[in-house]
Amino acid sequence: MIRENVKLILDELPPGVELVAAAKTRNSEELLEAITAGIKIIGENYIQEAKTAYQVIGNKVRWHFIGHLQKNKVKSAVSLFDMIETVDSVAIAREINKRCAEMGKVMPILVEINSGREPQKSGVVPEGAAQLIHEISTYPNLKITGLMTMGPRQGNPEDSRHYFIETRRLFNQIKGLNLANVEMRYLSMGMTNSYRIAIEEGANIVRIGTKIFGQRDYTQG
Ligand SMILES: *Cc1c(COP(=O)(O)O)cnc(C)c1O
């Protein structure tokens, strides 16, 4: 099943759109099956799960962190991941920069936008994005490469569209600022129920879990 699912999605994606397999709650066997079918990037929400999977899979794929990052996990995250998609504060950016400096690494990051402006959700509100990016663009061991958004989780995928449109606008606006050390290249939007709409609105990274691996046993993230 996993193999067929991956192939169907890959066939459908327009050129230039990258697929991240959202791996939360899946085991290494499931991930390996997806990789065999053509998955090149794994998205992890939890450091411990990522460590376990990395021990089996290693550098066969690229690893994106897509969960909520806590300061005390940054050191592990920086050593494991090729990209952190969920930077949403100066404090977390500063910590990533510090840990990367210790390791002699430059981390590509995306800034997570709370496009639904939901108080309990992570991400910076759209109004705060330019200021945040301006501030963290001076950190030498970070490379800002784009934006990520979840959008509110809703039944009807069409309801996500205007959150994607707004995030795309913000992406273009920040690109137009031509900030040093900022390369607005990736727009990570869309999940199982919304990735087609996200692509229509300019996403070039989609993060898909359920449609690859099936329904999760319990609701998370
Ligand atoms: C779980 C998750 C996804 C994938 O969600 P599905 O609906 O299973 O496709 C994408 N992005 C993030 C940040 C996630 O946590």
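Helices H1 and H2 cross in a right-handed way, where right-handed means that the near helix is turned clockwise from the far one by less than a right angle, and left-handed means anticlockwise. The model is a predicted one, so local features need pLDDT of at least 70 and side-chain atom pairs count only at pLDDT 80 or more, while totals for chains, interfaces and linings use all residues. Residues are numbered from 1 along each chain as its sequence is written, and side-chain values use heavy atoms, with hydrogens and water left out.

H1 covers residues 2-12, and its axis sits 8 Å from that of H2 at an angle of about 40 degrees. That puts H1 oblique to H2, oblique being what is left once angles under 35 degrees are called roughly parallel, over 145 roughly antiparallel and 65 to 115 roughly perpendicular. The axes here are lines fitted to C-alpha atoms over the stretch in contact, with angles running from 0 to 180 degrees between N-to-C directions. Helices themselves are DSSP runs (H or I, at least four residues), numbered from the N terminus. On the H1 side, Ile2, Arg3 and Val6 touch Glu30, Glu33, Ala34 and Thr36 of H2, contact meaning heavy atoms within 4.5 Å. Sorted by class, that gives 3 nonpolar, 1 polar and 3 charged residues. In this scheme Ala, Val, Leu, Ile, Met, Phe, Trp, Tyr, Cys and Pro are nonpolar, Asp, Glu, Lys and Arg are charged, and the others, Gly among them, are polar.

H2 (residues 28-36) also packs on H3 (residues 47-57), with the axes coming within 10 Å and crossing at roughly 55 degrees. H2 is therefore oblique to H3, and the crossing is right-handed. Here Ser28, Leu31, Leu32 and Ile35 of H2 meet Thr52, Ala53, Val56 and Ile57 of H3.

H6 passes H7 in a right-handed crossing. Pro126, Ala129, Ala130 and Ile133 of H6 make the contact with Glu166, Leu170 and Ile174 of H7, which comes to 6 nonpolar, no polar and 1 charged.

Then there is the ligand. It has 14 residues around it, the closest being Lys24, Asn45, Thr192, Thr210 and Arg216, counting a residue if one of its heavy atoms lies within 4 Å. For Arg207, a side-chain N or O atom is 2.9 Å from a ligand nitrogen.

How values were computed:
Helix = DSSP H or I, 4+ residues; strand = E, 2+ residues; numbered from the N terminus. Polar contact = N/O pair within 3.5 Å; in protein donor to acceptor, adjacent residues only side chain to side chain.
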